[in-house]
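Here are some notes on this model, point by point. Please read them with the structure open.

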Amino acid sequence: DKGNHRHFMEKEIYEQPEVISHALSHYVDLGAHTIKQTGHDIDFAKLRGLAISACGTAYLAGLIGKYWFERYARLPVEIDVASEFRYREMPLSTDQAAFFISQSGETADTLASLRYCKEAGLKIGAIVNVRESTIAREADAMFPILAGPEIGVASTKAFTCQLAVLASLAIEAGKARGHIDAAQEKTMVRHLAELPRIMSAVANLIQPQIENLSRELSKFKDVLYLGRGTSFPLALEGALKLKEISYIHAEGYAAGELKHGPIALIDENMPVIVIAPHDRFFEKTVSNMQEVAARGGRIIFITDENGAAASKLETMATIILPNVDEILSPMVFSLPIQLLAYHTAVFMGTDVDQPRNLAKSVTVE
Ligand code: M6R
């Protein structure tokens, strides 16, 4: 049932505040602002490293997870798309754990990498939406994302719930490994607790502007997304979302890679979507934006209030989100990314929930 939404994708975008709150309450105590013990037997304190493997959007959630585990828990993360992971013959050892991220829990490549790691004797964690799925059943520790059924082929609420779970696990790991003390834990969990309210405000705030902008975007054939830090995987996710439902060619790049190739493509026919909260990378990303502007590129700038105040560049559009703590920004910045892809596809008249050539669950390799 789509309720009063035109598509499941739209419904699922707007459900995010509610399901994220659900997911969070499983992993954190929203009153005491502490991490909950969920009873799994992954000993983060003893791990030498973590291997993460997944496909598509779930892989991009894992990539953001890597930034968090390494930064907050000093836990080295190896991550790859599942179809490459198991053939790389990477050295694995039993003092690593392996995490698999999958909405459906049935993705063939992800399942095959899980079995490969199990064979190698690693402890297996599964971050899944469908709790009765094969990936969930074959794991030693199952971490549900509690997003509820996701019908739209384009993953939206599963992505942000995967992020909420990964953020909670990174804080748990940081605590276990002695890199996050009780005061920091409280502060971080307090920020997470604000996420549902912030996301619901942001969705309503930006909707009209995004809808107008999407009409413009639907006229282009190519779009480039740029970001740094955790906004880099988000740039990849933005490009994936746009291409899969609107069929507009889109690429995501680390902003710093611009001058190593893609800058040759810049002209007025390829809008550049820059995802840049006012974080410690902001100045660097702005200088990449200047390089785009100097070559006649049109910029769609997705930033926060501090970022908008700090940049004087002329843009095709600037989408201004509230300032939020950096651990929240991947989830909050997902909203403009998802809504932009959604409305653009609606203008193009594509089958948003069931895009051509794609299946919700990919059960062949
Ligand atoms: O069910 P899974 O999370 O394992 O699916 C992985 C990918 O097939 C999936 O995320 C795909 O990339 C989405 N259609 C992206 O929106």
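1. N357 counts as exposed, at 77% relative accessibility; the cut-offs are buried under 20% relative accessible area, exposed over 50%, and partly exposed in between, with a 1.4 Å probe and protein chains only. N357 lies in the segment after α12. Its phi is positive, near 65°, although N357 is not a glycine. Most residues other than glycine have a negative phi.

2. Ground rules. This is a predicted model, in which local features need pLDDT of at least 70 and side-chain atom pairs count only at pLDDT 80 or more, while totals for chains, interfaces and linings use all residues. Residues are numbered from 1 along each chain as its sequence is written, and side-chain values use heavy atoms, leaving out hydrogens and water. Helices (H or I, at least four residues) and strands (E, at least two) are DSSP runs, numbered from the N terminus.

3. A359 is also in the segment after α12. A359 is partly exposed, with a relative accessible area of 42%. A359 and L122 are 237 residues apart in sequence and 30 Å apart in space, C-alpha to C-alpha.

4. H33 has a positive phi too, near 60°, and is not a glycine. H33 sits in the loop between β1 (28-29) and β2 (34-35). Is H33 buried or exposed? H33 is buried, at 15% relative accessible area.

5. Helix α12 covers residues 329-348. Its 20 residues should span 28 Å at 1.5 Å a residue, and the end C-alpha atoms are 29 Å apart, which agrees; the expected span is 1.5 Å times one less than the number of residues. Of the 20 residues of α12, 17 are buried, so the helix is largely enclosed by the rest of the structure. G349 follows α12, with a positive phi near 75°.

6. The largest nonpolar core has 92 residues. Such a core is a set of buried Ala, Val, Leu, Ile, Met, Phe, Trp, Tyr and Cys residues joined through side-chain atoms within 4.5 Å. W68, F69, F99, Y225 and V332 have the most contacts inside it. Leaving aside neighbours within four places in sequence, V332 is in contact (heavy atoms within 4.5 Å) with L195, I198, M199, V202, L321 and V324.

7. Helices α3 (residues 56-73) and α7 (residues 157-176) have axes that come within 9 Å and cross at roughly 20°. Axes are lines fitted to C-alpha atoms, for helices over the stretch in contact, and angles run from 0 to 180 degrees between N-to-C directions. α3 and α7 are therefore roughly parallel, a label for angles under 35 degrees. Residues in α3 that meet α7 include W68 and F69.

8. Helix α2 (residues 16-27) packs on α7 at about 25°, with the axes 9 Å apart. α2 and α7 are therefore roughly parallel as well. The contact is made by Q16, V19, I20, A23, L24 and Y27 of α2 and K157, T160, C161, A164, V165 and S168 of α7.

9. K157, in helix α7, is buried at 2% relative accessible area. Not counting residues up to four places away in sequence, K157 touches E12, E15, Q16, V19, A147, G148, P149 and E150.

10. Helix α5 (residues 108-119) has 12 residues and reaches 16 Å, close to the 16 Å expected. Its buried residues include D109, L111 and C117. G121 follows α5, with a positive phi near 85°.

Methods:
Parallel < 35°, antiparallel > 145°, perpendicular 65-115°, else oblique.
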